[in-house]
Amino acid sequence: MILTTINKRCLQILIIISPIFFCQSAIGEEPASPFVAGFDRFARHKQIDLKTSGRLLVTELNCTACHSSNNKELQPKQGPILTGAGNRLQNSWIKQFLSNPQKTKPGTTMPDLLSHLSADEKKKSIEALATFLSTKHQPFPELKSTGVNPLPLEYWKKGNASQGEQLYHQAGCVACHEPDPDYEGGSNNLSPFDKQLEQLDPEDIEELGLNHLLRPIKSVPLPDLKKKYTLKSLLFFLLNPESVRSAGRMPNLKLKTLEASDLAAYLLKDQKIKKAETHVSDSLVKRGQKLFVELNCINCHQIKGLKPLKKFTSLTKLNITKINCVSNSDKALPQFHLDNTQIESLKVTLTDLKKNKNKEKLSHQAQLDFRILKLNCYACHEREKQGGIGRNKKRFFETIGHVDIGDEGRFPPELTGLGQKMLLGLMKNVLEGKSEIRPFMTIRMPRYPAKETIPLPELFSKADQYQKITEATVFGGQKGLATEGRKLINNGCIQCHQLLDEKLPSVVGVDLAGMSKRVHPEWFRDFLLDPASLKTRTRMPTFFPDGKSSNPDILDGKVDRQIAAIWAYLKEIDKHPLPEKILAAQSRDTELVPEKHPILIRTFMKEAGTHAIAVGFPEKIHYAFNAENVQLSQLWKGRFLDAKGTWYERFTPPALPLGKNLISMPAKPSFAFLKNLKQDWPTENNRIQFLGYRLDKQKIPTFLYRLNNHDFQDRISPDGSNGFTRIIHLNKFSQEKNSGKLYFLVNSGKKLKQKKPFSYTNESGLTSVLPELLSKKGILHKQEELTLWILPLESITQFEVKYQW
Amino acid sequence: MQKAKSVTAALFLFCLVIEFFSSTSNFIQAAESDYYKIVSIFTPKVQSDSRSKNWKPAPNGLALEVSGMAKMNNGRLAVAIRKGEIWILDGVYDEPPKNVTYKRFASGLHEPLGLLKHKDSFYTVQRSELTKIRDLDGDGIADEYKTIAKGWGVTGHYHEYAYGPKMDHQGNLWLTLNIGLGLKAEHKKKTLFEPNLKVRQGSWRGWGMKVTPQGKLIPVCAGMRSPCGIGANSEGDMFYTDQQGNWVGTNTLHHMRKGAFFHHPEALASMVLPNSPIKGITEIPNGIPFPKAIEKLPQLKPPAVWFPYKKVGQSATDILLDQSGGKFGPFAGQFFIGEFTLSSINRVFLEKIKGEYQGACFPFREGFASAVLRLEQGEDGSLFAGLSNRGWSSLGSASYGLERLVWTGKVPFEIKEMKAKADGFELVFTKPVDPKSVSNPQSYSMNSYTYTYHSTYGSDEIQKKDLKIESVKISPDRLKAHLIITGLREFYVHELHVKGVRSSTGEPVLHPRAYYTLNQIP
């Protein structure tokens, strides 16, 4: 709209012209023909038949973008969406690419559509097309920097190229694209299988039919990215490739924004962009737009608001002898630069399609194979001895932290028998990028556009002839088995697996929680019985050698019951505690275990409040002191305390005593000034001041506090492991008058019983013992239903009380 | 009409193309490190997410989540860590710091968020008290933990962080207290309720307090949200930083003085306490521009500096006064402000206009390994950056640790000071300028804006206006430029870009943006 108003005016605007670099050929030799990963890897080495390889070219070269087909399998992958070409691509690159696509980006599947024009006409057309595309702007998304996902200002300029290099070689880019020969990272460990291969002589390898395993896999070529993109445009492409390339041939690696920024910084390292002036005229833009439609660019490259113009003969009606794009003649148009193998495959396929009029029904297996061929799942995954990571790329696949857990810790899993193993819902989640089952691998399972992968789960299931068997059929009744399953897992699985993200130290393996939502029950049973039968080269041992359990004491050693029990526990894991060994490991780093000296920790506690001071002793008796109202609050025995919540948890949960025999001290002030004995013991003491504590040579704290004109020193230490001895010093530091006499609360309860001499025991089991002389001074003070045993402190400067429970 | 449209179209195209190609790589970061280099002392990588419930420190490592630092003599540094310990580090000035030793001095503290060394004692604010810690028997391990002051509300809510202390010139120890956010029933039991404003918080939550040398705890000023940083300027006046959130449009720096109310109204629950220096606020404006809110509520004091969100950080932390006298470069006497989320340090220039502090902030150095929570200046003038990002998120590769920022001796070309003038601003540069670029008004651009004062989390920049740079006068020594500007607005942030400015040797300004909070026009 705006452009139409620019009448016959040339506008001076800045356009960038980058210096011409040599074309970067990513795969060494310059391919004269379009590169299609599956074709190059399998068709050229007769690992797939001609018909299939031709069909692959039909979709990947976008034949059906013009020559339509109603066959769902043969829909074109389409070219990049160009709605935002103006701010995504450097204009000089567009021009260079249009002038000779195959030379500018060797291996490109984009044909030359201008080869029939004279040099002058061609130049003008390119100028018009490029100018038109330069006006096609689509704003980049505005990403907000938040507390959870912080982004620096102008984050696209701040990528770290060396971290980008790591990502490029670790996250999965090199599964398809060429690694940097100078990259120093990667694993030098050959997998045991590769070691064996290494030792075989070439004849043996050929005889064993393993040649394909030795062949280096060629990489999907990249254009000269520095000439094509800017940091910002490449970053946003990497974050969301399907927004430009809708078929998911370049899948989404689930990069975080800053990772994409790092990767862009690496791929465009030392990029120099020069500014130059050029003219944009409205008439040129219009001419470019017209050409874009007339030359059928629009058939492959979507641009908002434009539609294809011409109708072409449909695929099955093509006359194979006459179509000139399937030839290597100079006059071919569009000019694909196909090689002979490609031409032959296409001809076989087109003849076949014409003969069958598209009516041939592909088997599920064939449909599946074709789909994973198109998506190049084979770059990472092996299925039925086809594909898998190429030998030349294996070193880039690592376990995070280089932990050796065998091939299955480094390489994406085989897809052979997947339909028998995995639940449909999980397959869907994985393809949509919602499930991370192997976070220990550096490679990431990418996300694919739904339209390309929706049929896959069903196809796997049908191709692998999965027959549903119910859980009950496989395992029988599971009631009450989970507890036994927990023991079995404790004895074995957790040596290599984690559960709900919790694990033994240095364990790296698949998290077993949620297993029942991932795999079919019968697969689970069969796998446990004999792991290697379902997963070649797995490190998973069998716990049932010769069909016998290695845990004969659990469930009478019955194998089927034991497997059912493991399943039951994993299924109900939320309702049960984690296995014992994991629980022990969990608290090992944060459980406070007093060994030589007592341990003191200030924290929040339910009973001792928000000013709690917990003190644990090697004698395995412990107490919590409330420093807010200055009272001894709680006593317990056994294990002391887990500091995890206090040390590391954001929401600061109250610390729980770990031990047993917890006993609460009377919830009343320890000291009170009473005018007479008819006066009630106060419920709180606002005037008491906590003044801190000192540690003595044994690291036992003495608490310091003040009430009116009295200073107190209060030391509580173990009396063996039976209980505590508490010694309190009083110092009256001024003669100021108090309203009443000072008393100490020795014990209180609804029922106080004298079980031993000089002591009283309350209904919770707390026994307070005073020395004989003092006990005689003690007074039983009734207050509603409570009886308080109180000690008048007049003229006393030190006293002792023992607590037993 | 036709012509006007064409011009619009031309501008439209022009802008798009410029925007597209304005991305150049990385030069700010590279250049920052030419002047100030980051030395890692301890930056382990942790796989736990900073907000994970199962957060764990690096295996077998010291969880050096630095929450307080105090330099000691003989090249030692005391470090408080969030799990409740104080460690004494030796060898921290070595380059590279390969032989650092770590010795635990104190333990059992409840999330200390500050550390001060004064005479023979350490002082730290724990969640529930200000504690003085000493080693009485000289074995290098603390044995006395004396409670110097307590009595503020601690409901048990996680957000009730307590920070400090820092000392003023009279020997008072200052501390600041977070607001609890979203108190639950178990927390509400320990709160105060102010019936007019209907606000509820633990006592003195959201307040700045001082403790006299005699141990008296005095409430000073209120309305803080998450006052993570405290610091004195060279005059001994006390400042604190606050973090963007509800009632706080963006991060701020405030001068703490008696009776001032800053923004978060829930702090006013403590007006019910007899010794509150703030009384009688009965209504809080909500949803109006901050300058309007000041008119309506005279107790509401504007921040000395607003830190525009993202442009100068996302969560301000510690305040450090550069007392190096030039050993840390050209910014002696200015503040450095830690930044949590973006793992960086910003810089603040303050001046006093009509008796109140105001000034400008500038980005200074980014690229720390984790959230910069604490700052301390070493004996040699270098800055220690104490790192910890647990509970929130930050840029960088580590979850916690200790780094040191060392001046390389090269002076960056920066706006050292930005001073308000009746007719504009005066810029003082760190190096002589190129008169041609600096006297050209086209080398600059300025706009101003403010924030909405409201109960919502954060605020956009509102009421934005471009200002015109009329002319520029350069001082004879070529270190100052006086910008004559029309359209200044009191209480608004004035954002200045100096893209065209060059030094006499042709360098562009390292950080070509400055943000001045113009509360008063002199």
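Predicted model: local features only at pLDDT ≥ 70, side-chain atom pairs only at ≥ 80, totals over all residues.
In helix α16 of chain A, the residues A:Asp282, A:Leu284, A:Val285, A:Gly288, A:Gln289 and A:Phe292 are buried. These residues lie on the same side of α16(A), because they cover an arc of only 160° around the axis. An α-helix has 3.6 residues a turn, so residues three or four places apart point the same way. Helix α16(A) runs over residues 282-294, 13 residues in total. From the first C-alpha to the last, α16(A) reaches 18 Å, close to the 18 Å expected at 1.5 Å a residue. The helix is followed by A:Asn296, and the phi of A:Asn296 is positive, near 70°.

At the level of domains, chain A is assigned domain 1 (3-20 + 31-139 + 274-356), domain 2 (364-463), domain 3 (471-587) and domain 4 (589-804). The centres of domain 2 of chain A and domain 3 of chain A, taken over C-alpha atoms, are separated by 24 Å. In the contact between these two domains, 16 residues come from domain 2 of chain A and twelve residues from domain 3 of chain A.

Chain A also holds an open sheet of four strands, in the order β12-β17-β21-β20, with antiparallel pairing. Its edge strands are β12 (671-674) and β20 (779-783) of chain A, each of which pairs on one side only. With direction ignored, neighbouring strands of this sheet are turned by 45° against each other on average. Within the sheet, four bridges connect β12(A) to strand β17 (residues 741-749) of chain A in the antiparallel sense. Here A:Tyr743 in β17(A) is the residue that A:Ala672 stands opposite.

In chain A, a cis peptide bond leads from A:Leu333 to A:Pro334, with omega near -10°. A:Pro334 is placed in the loop between α17 (297-300) and α18 (340-356) of chain A. In chain B, the peptide bond from B:Glu95 to B:Pro96 is cis, and its omega is near -10°. The loop that holds B:Pro96 lies between β4 (85-90) and β5 (101-106) of chain B.

A:Asn661, which is not a glycine, has a positive phi of about 55°. This residue belongs to strand β11 (residues 660-664) of chain A. A:Asn661 counts as exposed because it has 12 C-beta neighbours inside 10 Å. B:Lys310 is likewise not a glycine and has a positive phi of about 75°. B:Lys310 is located in the loop between β20 (305-307) and β21 (316-321) of chain B. With 18 other C-beta atoms within 10 Å, B:Lys310 is partly exposed.

Chain B is divided into domain 1 (31-51 + 62-407) and domain 2 (413-518). The C-alpha centres of domain 1 of chain B and domain 2 of chain B are 29 Å apart. Domain 1 of chain B puts 37 residues into the contact, and domain 2 of chain B puts in 31 residues. On the side of domain 1 of chain B that touches domain 2 of chain B, at least two residues each are supplied by α2 (27-35), β19 (288-289), α4 (290-296), β20, β23 (344-353) and β24 (356-366) of chain B. The most is given by β24(B), with six residues on that side of domain 1 of chain B.

Strand β7 (residues 121-125) of chain B is largely enclosed by the rest of the structure, because four of its five residues are buried. Strand β6 (residues 116-118) of chain B pairs with β7(B) in the antiparallel sense over three bridges. In this pairing, B:His118 stands opposite B:Ser121 in β7(B). The hairpin of β6(B) and β7(B) has two residues between the strands, and in this hairpin B:Lys119 takes a positive phi near 55°. Strand β7(B) is also joined by four bridges to strand β8 (residues 129-134) of chain B, and these two strands run antiparallel. B:Ile133 in β8(B) is the bridge partner of B:Phe122. Between β7(B) and β8(B), which form a hairpin, there are three residues.

Key. Residues numbered from 1 in each chain as written. Chains lettered and ligands numbered in written order. Expected span 1.5 Å × (residues − 1). Buried ≥ 20, exposed ≤ 12 C-beta atoms within 10 Å, placed from the backbone. Arc of directions from axis to C-beta. Pairing = 2+ DSSP bridges. Axes fitted to C-alpha atoms, helices over the stretch in contact; angles between N-to-C directions. Domains from an automatic or database assignment. Contact = placed C-beta atoms within 7 Å.
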